[in-house]
Amino acid sequence: MKDCKIAFIGGGNMARSLIGGLIADGFTAEHLHVSDPNADNLQSLGKNYPVQTFTDNVSAINDCNVIILAIKPQQLQAVVRQLAAHWQANTLVISIAAGIRLEDISRWLEQDKAAIVRAMPNTPSLVQAGATALYANEHVTTAQHELAESVLRSVGLALWVDDETKIDAVTALSGSGPAYFFLVMEAMENAAMELGLEPEIARLLCMQTAFGSAKMALESDELASTLRQQVTSPGGTTERGLHELEDGDLRGLFENALVAAA
């Protein structure tokens, strides 16, 4: 992977996280091209990483093996159509734009056999703790599969799904999921303050509890349901709290949330 060149179309937060992860993994910074119409974004990026920056997308993709589309979904069609005339047959495209199908990107490129990977990373990628699902079309080679996985694995967990429609479920779960957990943390902090804790104590205890619970779950072979039961003593305080959450149909609310997001 270290010998290839990667062009990022878009220099926003997700591109920055991937660039930081790649460089931390030993990727040569000079082999990273970043295009963004915002000169301030490029200047800020250049201060942190010795990458090559461009305001023109076509110049950025020149001589690159991989193009990462890191722009908003509503911008994607115009950008891809702009790149179509400058396309190289052996180039791999990785799109991290939510909701845009591979067949749409292929059509905009006017390339029936373009190798394209669709990826859904999440915002914890910014701190190299991301969770990403990937799906590749039939034109992606084994080497390109490995390359795409290496890029996304530089910022956390990277898993493949076998059907593009599953990316919608991934978007609802891990893509939107950080916001759900932040909402739960916010609610727990507020409830703790109502019980008399100082805001900073409530915040730190809540964050460490969330971190510790996730760490326990990741390092255990047990299901979340089993871990929950292990923390819940019959007739104890935790059981009383869980009873209130179950009475409020917490499971149903989360199901509705994921269905709506998907």
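Start by selecting Val184, Met188, Leu245, Leu250, Leu253 and Phe254: together they make a nonpolar patch on the surface, with about 500 Å² of accessible area between them. Two elements each give two or more residues to this patch, namely helix H8 (177-194) and helix H12 (250-261). Colour H12 to see where the largest share, three residues, comes from. Keep in mind as you look around that this is a predicted model.

**Stop 1**

Now pick out Met188, which sits in helix H8. Is Met188 buried, partly exposed or exposed? Its relative accessible area is 48%, so Met188 counts as partly exposed, since that class lies between the 20% limit for buried and the 50% limit for exposed.

**Stop 2: colour by confidence**

The mean over the protein is 94, and 99% of the residues reach 70 or more. Where is confidence highest, and where is it lowest? The highest value belongs to H8, at 98, while the lowest is in helix H2 (residues 39-48), at a mean of 85.

**Stop 3: zoom out**

Show the whole chain as a cartoon and you can look for twelve helices and eight strands. The C-alpha trace spans about 70 × 40 × 30 Å along its principal axes. Switch to a surface view, and the protein exposes about 15000 Å², of which carbon and sulfur atoms supply 54%. Of its 262 residues, 39% count as buried. Contacts also reach along the chain: among those between residues at least 6 apart in sequence, 63% join residues at least 24 apart.

**Stop 4: inside, to strand E7**

Hide the surface and select strand E7 (residues 130-136). Why is E7 described as largely enclosed by the rest of the structure? Because six of its seven residues are buried.

- Strand E6 (residues 115-120) pairs with E7 in the antiparallel sense, over four bridges.
- Strand E8 (residues 156-160) runs parallel to E7, and five bridges join the two.

**Last view**

To finish, show E7 with E6, its antiparallel partner, and E8, its parallel partner. Then bring back the nonpolar patch on the surface, with Met188 among its residues.

Definitions and conventions:
Residues numbered from 1 in each chain as written. Predicted model: local features only at pLDDT ≥ 70, side-chain atom pairs only at ≥ 80, totals over all residues. Heavy atoms only, no water. Patch = residues over 30% accessible without salt bridge, like charges linked within 9 Å, V, L, I, M, F, W, Y side chains within 5 Å. Areas by Shrake-Rupley, 256 points an atom, 1.4 Å probe, with all protein chains shown as cover. Salt bridge = Lys/Arg side-chain N within 4 Å of Asp/Glu carboxyl O. Buried < 20%, exposed > 50% of the residue type's maximum accessible area, 1.4 Å probe, protein only. pLDDT = per-residue confidence, 0-100. Contact = heavy atoms within 4.5 Å. Pairing = 2+ DSSP bridges.
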